[in-house]
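Please take a moment to look at the structure shown here, and then follow the paragraphs below while keeping the sequence at hand.

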Amino acid sequence: DFRVLLRGSNSRTIYIQDTSNAVFGGIIVRQGDTVHNTGILNLDSGMKVQVSGIVQEFPDITSSGVTQIALDTLQLINILPTVKKRPSPIQVNVSDFDSSGYVKFRTGEKYEGMYVQLNNLTIGPQSPSGARHIRALLDGNGNTIYLRDFSNFFSVGPTPSWGWTPWSPPSIGATVNYIRGVIINGGYADAPGNLYAY
């Protein structure tokens with residue numbers, strides 16, 4: 001229906017995942033403006049595409065930041081022939097990304113940009129930095145990953161706002177059987193040592 005799913009008032013963002021659905025197979029693709037016609041607004045979940053751009057980290061901090069492709073705005077995204085099929089989520093654990101507040105880049109990085117599922121979680125508070133980490137998701141051992149306000153579909157402040165209704169996050173202490181989403185490095189220093197939480 002052409003509503004922009006991932007937030008961004010001055011940019012456009014998608015994620016792509018390798019058709020093999022293997023680890024290290026996902027990445028965020030970001031068009032740094034809303035002016036150029038790259039065809040990004042014509043894409044839908046499950047389409048097979050070919051994109052061109054520059055691989056970079058944002059923010060550009062050693063051992064942190066989300067790996068993304070800065071889309072080449074002078075080229076159209078190439079839509080390849082395919083049967084539309086969204087990738088199945090990869091089952092992961094919060095402990096793949098956090099150990100009692102310490103970010104685990106060694107085990108978490110391979111899932112960055114991947115569509116995953118986490119099971120049996122308790123809802124915790126917003127992150128200490130506030131920002132867009134609107135709820136903590138805790139496993140039975142107190143390990144933490146954050147629910148980020150990244151998708152307009154589940155956003156407390158959709159951007160752009162047209163066509164979307166603001167969403168109220170679950171109450172602190174609620175339990176969640178499972179949640180599905182894309183893993184990104186949060187971009188806000190919430191963990192010990194000023195590390196950027198997933």
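A residue is called buried when its relative accessible area is under 20%, exposed when that area is over 50%, and partly exposed in between, with a 1.4 Å probe and protein chains only. Helices (H or I, at least four residues) and strands (E, at least two) are DSSP runs, numbered from the N terminus. This is a predicted model, in which local features need pLDDT of at least 70 and side-chain atom pairs count only at pLDDT 80 or more, while totals for chains, interfaces and linings use all residues. Residues are numbered from 1 along each chain as its sequence is written, and side-chain values use heavy atoms, with hydrogens and water left out.

We can begin with strand β12, which covers residues 144-148 and is largely enclosed by the rest of the structure, because four of its five residues are buried. Its partner is strand β11 (residues 133-138), which runs antiparallel to β12 and is joined to it by five bridges; two strands pair if DSSP finds at least two bridges between them. Within this pairing, Leu137 stands opposite Ile145 of β12. The two strands form a hairpin with five residues between them, and in the turn Gly142 has a positive phi of about 85 degrees.

Next, consider Gln31, a residue of strand β2, which counts as buried because its relative accessibility is 1%. Its side chain makes a polar contact with the side chain of Thr38 at 2.5 Å, where a polar contact is a pair of N or O atoms within 3.5 Å; within protein, one atom must be able to donate a hydrogen and the other to accept it, and residues adjacent in sequence count only if both atoms are side-chain atoms. The side chain of Gln31 also reaches the backbone oxygen of His36, at 3.0 Å. If neighbours within four places in sequence are left aside, the residues in contact with Gln31 (heavy atoms within 4.5 Å) include Thr38, Ile40 and Leu71.

Thr38 is also in contact with Gln75, as is Ser52, again leaving aside the neighbours of Gln75 within four places in sequence. Gln75 is found in the loop between β5 (64-71) and β6 (78-80), and it is partly exposed, because its relative accessible area is 39%. Its side chain makes polar contacts with the side chain of Ser52 at 3.5 Å and with that of Asp72 at 3.1 Å.

Gln75, Ser52 and Asp72 are among the residues that line the largest cavity, which has a volume of about 40 Å³. On a 1 Å grid over the protein atoms alone, a cavity is a set of points where a 1.4 Å probe fits but cannot get out, a pocket is an open set with protein on both sides within 12 Å along at least five of seven lines, and lining residues have an atom within 4 Å of a point. Grid points are joined across faces, edges and corners, and a volume is the space filled by probe spheres set on the points.

The second largest pocket has a volume of about 420 Å³ and is lined by 21 residues, of which Arg30, Phe58, Arg132, Arg148 and Phe150 lie nearest its centre. Two of these names, Arg132 and Phe150, return among the contacts of Arg7, a residue in the segment before β1 (12-17). Arg7 is buried, because its relative accessible area is 17%.
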